[in-house]
Amino acid sequence: MADTEPKKLPLDALWRARTSKFGDFAGYDMPLQFEGLIPEHNWTRQHAGLFDVSHMGPSFFALPKGHGLEGEEAHKKVASLIERLVPADIQGLKAGQVRYTMITNEDGGVLDDLMIARPAEPGAAGDLYIVVNAGCKHQDWALIEAATKDEANLVRADDRCLLALQGPSAHVVAAAVIDPALADMSFMSVKRYDKFGRLTITRSGYTGEDGYEILVRAENATELAEALLAHPEVKPIGLGARDSLRLEAGLCLYGHDLDPTTSPIEADLAWTIQKRRREAKDFPGAKRILREYELGPDRKRVGIRPNDRAPAREGVEIMKDGKTIGIVTSGGFSPVLNGPISMGYVEAAHAEPGHVVELMIRGVPRTATITPLPFVPHKYHRPKKGT
């Protein structure tokens, strides 16, 4: 009999003691809300929220034992293997650096977006830490293994617990509970700690706030989560607020704002393709992607502010002078702005901020304004150079 029951998170019992509001997401039984979407959203913007994102696809990609390479040579070798699938400059990663990128197809569309990190430890020069999306992880891992065959080993780590600590107090909490050095980590960096068993920590997240994503073994997850939750600045946050926070931050959700027909350039993600890769033109979909990079795409991802209180959700048509010019891909309510917000794709001629468009909501045209992204400014921790 097929297994149709959603999988339980390693911390399932911990969350069930705090809420009964669960839902199936990407095959996992996930906590949706604790106190309610708006208070959880606002707590994360003002303090620190703890999210369980163990449904994601963390993994370790490494050269085989005995490969005989050291230092930069080992890193460039393992990075060159993963570069067969992604357009980012992974060879150019510094020790301890994380990079956001995408797996692209031959038509220039996005098969998934992901994080790739180069560990800082000298003994891990031939290793990469990769986190892919929950709904795509089996597909992604199959693609990686097919593209690299026996040249490297992919080790799944989705049996572990992945926690996201997000908000302006996140650095205070992480320093108090795990290690004081975490307060000085830079945005998009990675470190490993022999605390709570073994932790792999990136300073990153999906809310637009400062924060960390912490990978911990399942047997140590309860101890870590309880220690974090014991801090007065921390509350548990559900999947509902995770979505509203990322929408305010103007961040893409795969399967909605990104898909196999959408290019990184259309999605306003040209910054993820570094100069070396653009010049080499050696990644899947390079012909279309680089053409759009040079000439501009036919359509662009934009922010949209409805001019009344009616929310425009995924699938709503975007109109101008009676003609369909695009479609909404994400939409909802912004607690910070106290009103509806949306993202979507429109023809490039209508993508400039300030353009007024119409949204067809339940057959009724309602005006809206094209708005710069993000809706709420990012607050990532980027130390000033020289400090």
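These legends describe close-up views of a predicted model. Local features need pLDDT of at least 70 and side-chain atom pairs count only at pLDDT 80 or more, while totals for chains, interfaces and linings use all residues. Residues are numbered from 1 along each chain as its sequence is written, and side-chain values use heavy atoms, with hydrogens and water left out.

**View 1. The largest cavity and its lining.** The structure holds three cavities of 30 Å³ or more, and the largest has a volume of about 60 Å³. A cavity is a set of points, on a 1 Å grid over the protein atoms alone, where a 1.4 Å probe fits but cannot get out; lining residues have an atom within 4 Å of a point. Points are joined across faces, edges and corners, and the volume is the space filled by probe spheres set on them. The lining consists of V98, M115, I116, A117, Y129, V131, T202, S204 and E213.

View 2. Beyond its neighbours within four places in sequence, D113 is in contact (heavy atoms within 4.5 Å) with Y100, T101, M102, N133, C252, Y254 and L258.

**View 3. Polar contacts of the D113 side chain.** The D113 side chain makes a polar contact of 2.8 Å with the side chain of Y100 and another of 2.6 Å with that of N133. A polar contact is a pair of N or O atoms within 3.5 Å, where one must be able to donate a hydrogen and the other to accept it; residues adjacent in sequence count only if both atoms are side-chain atoms.

Methods. On a 1 Å grid over the protein atoms alone, a cavity is a set of points where a 1.4 Å probe fits but cannot get out, and a pocket is an open set with protein on both sides within 12 Å along at least five of seven lines; lining residues have an atom within 4 Å of a point.
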